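Dear colleague,

Please find below the structure that I am handing over to you. My notes on it follow directly after.

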Amino acid sequence: YDDAEGSETGTNSGANYSSGSALKGDSQTSENTAEENEFSGTTEQVEGVSEADIVKTDGKYIYTVNDNFLSIFSASGSNSQLLSRTELENEENAYVYGDMFLKDDRLVILQNSYGYNGAYSCVGDCMASGDDYTSIIIFDISDRKEPKQVAVTRQKGYYNTSRMVGDYVYLVSECYINTNNIVKEEPDTYVPTVVYNDKTTVLPADRIYCYNYGEDSASYSVIGSFNYRDGALCDSASLFGGASQIYCSKDNIIFTKYNSTELPKEEGSYSSAYTDISRLEISGGKIEYKASGKVEGELENQFFIDEYDGYFRFVTTVTETTVTKQKYANTDKEIFVYDSNPSACLTVLDKDLKLCGQIKDLAQGERVYSVRFMGDTAYFVTFRRTDPLFSADLSDPKNPKILGELKIPGFSEYMYP
């Protein structure tokens, strides 16, 4: 494993590796179209699930977006050159996020807009007013010297993440509702919307779901599926409460939301946090809510989540807090003292997100910093004083077991198989 940076930066750090398959490394990915060209694509956490990136290549051309311009270069060694530089058409208060998908003769660019004028006007702080939109801009790049914009589709909320599976881009945005500006007779003041072909559609009530354990935040995660060729909206849904970490396989999108609990003012030991989980099934652009559940502790990033053989695996940091009473010196006044003790927890859930197997209380006093699942085996690194690398056998989902442990100074935030 490697003490590498980048797991939370604009570029993706996932390996082009899928649980249960051979490691591809820098060989061709699902984005590659020309078998005779050997080149590296964006690394993928799950094989066949493309992740957006700030640079794309098909082996012959290199595509980048910077300073509101799409630039296309020929990839010809010492003869490489800029073929075209196209300014993106922006709505007022819009900026380009920079992430892209590449497939065939289409380039999909993701963009954020504050207060998109076609549906809303921005008043005051747009982040607070909930008037952010995420746009999908599609270019026909069959002529690399003159790329042409063919479609723009907008979804309410600021950009969170996206994946491409088959012919569909699954876009996740976070939509905050301005609770001071809600008008009962105007659903678009409190319900997410999608804009396609200049038509604004409010998500129907039967497409809005929520976690099982209650929510008090005025936010949604909006998930839309769009055809990569023309931006046509195939399906959309929303999860009330928003999301912190998101994992996507070929068949499911896992939404998670961290919830801290208020510690009681009485002596005892308490687990101070848990993570809500919802599973939405995806197939051919269709999105269907399936189940909700929860796990103890906190997830650091998408690599702490995995799907394999119908089971969902999570590695979390669980913090146990001990509450005791102590008296001030030479007084009768009592105060509460909180002593926190983190540890690692590996949890396996079934397709209904019900508990199947678990290993608790690993690496007492240490947090989990990086995780990598590889088929029946999970690897994870914790840190506080030393740097244990654990391996766990998950071949029996109901009875996971620790295989080995190696201690090394320092810590790792990312592992690459």
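A search of the whole structure, which is a predicted model, finds three cavities of 30 Å³ or more. A cavity here is a set of points on a 1 Å grid over the protein atoms alone where a 1.4 Å probe fits but cannot get out, and lining residues have an atom within 4 Å of a point. Grid points are joined across faces, edges and corners, and the volume is the space filled by probe spheres set on the points. The largest cavity holds about 40 Å³. Ten residues line this cavity, and Phe303, Ser370, Val371, Glu413 and Tyr414 are the closest to its centre. Its lining comprises five nonpolar, three polar and two charged residues (nonpolar: Ala, Val, Leu, Ile, Met, Phe, Trp, Tyr, Cys and Pro; charged: Asp, Glu, Lys and Arg; polar: the others, Gly among them).

As to the conventions, residues are numbered from 1 along each chain as its sequence is written. Local features need pLDDT of at least 70 and side-chain atom pairs count only at pLDDT 80 or more, while totals for chains, interfaces and linings use all residues; side-chain values use heavy atoms, with hydrogens and water left out.

Six strands form an open sheet with mixed pairing, in the order β1-β10-β11-β15-β16-β14. β1 (50-51) and β14 (208-210) are the edge strands, each having a single partner, so one side of each is left without a neighbour in the sheet. Strands (E, at least two residues) are DSSP runs numbered from the N terminus, and two of them pair if DSSP finds at least two bridges between them. β1 pairs with β10 (residues 158-165) in the antiparallel sense over two bridges; Ser50 has Met164 in β10 as its bridge partner.

The salt bridges number 13 in the whole structure, each being a side-chain nitrogen of Lys or Arg within 4 Å of a carboxyl oxygen of Asp or Glu. One of them joins Arg144 and Asp58 at 3.2 Å, N to O. Arg144 lies in the loop between β8 (132-140) and β9 (148-156), and Asp58 in the loop between β2 (55-57) and β3 (61-66), so this pair ties together parts that are 86 residues apart in sequence. Arg144 is buried, at 16% relative accessible area, and Asp58 is buried at 9%. Buried means under 20% relative accessible area, exposed over 50%, and partly exposed in between (1.4 Å probe, protein chains only).

Arg106 and Asp140 form another salt bridge, with their closest N and O atoms 3.6 Å apart. Arg106 belongs to strand β7 (residues 106-114) and Asp140 to strand β8, so the pair ties together parts that are 34 residues apart in sequence. Both residues are buried. Arg106 and Asp140 are also linked with Asp105 and Arg229 in a network of salt bridges. Asp352 and Lys351 meet at 3.7 Å, N to O; Asp352 is partly exposed at 36% relative accessibility.

Finally, the nonpolar cores (sets of buried Ala, Val, Leu, Ile, Met, Phe, Trp, Tyr and Cys residues joined through side-chain atoms within 4.5 Å). The largest has 47 residues, and those with the most contacts inside it are Tyr170, Ile223, Ile253, Phe255, Phe314, Leu346 and Phe380. Strand β24 (residues 334-349) gives the largest share of this core, four residues. A second, separate core has 16 residues, among them Ala52, Ile136, Tyr159 and Tyr228.

Yours sincerely

Note on methods. On a 1 Å grid over the protein atoms alone, a cavity is a set of points where a 1.4 Å probe fits but cannot get out, and a pocket is an open set with protein on both sides within 12 Å along at least five of seven lines; lining residues have an atom within 4 Å of a point.
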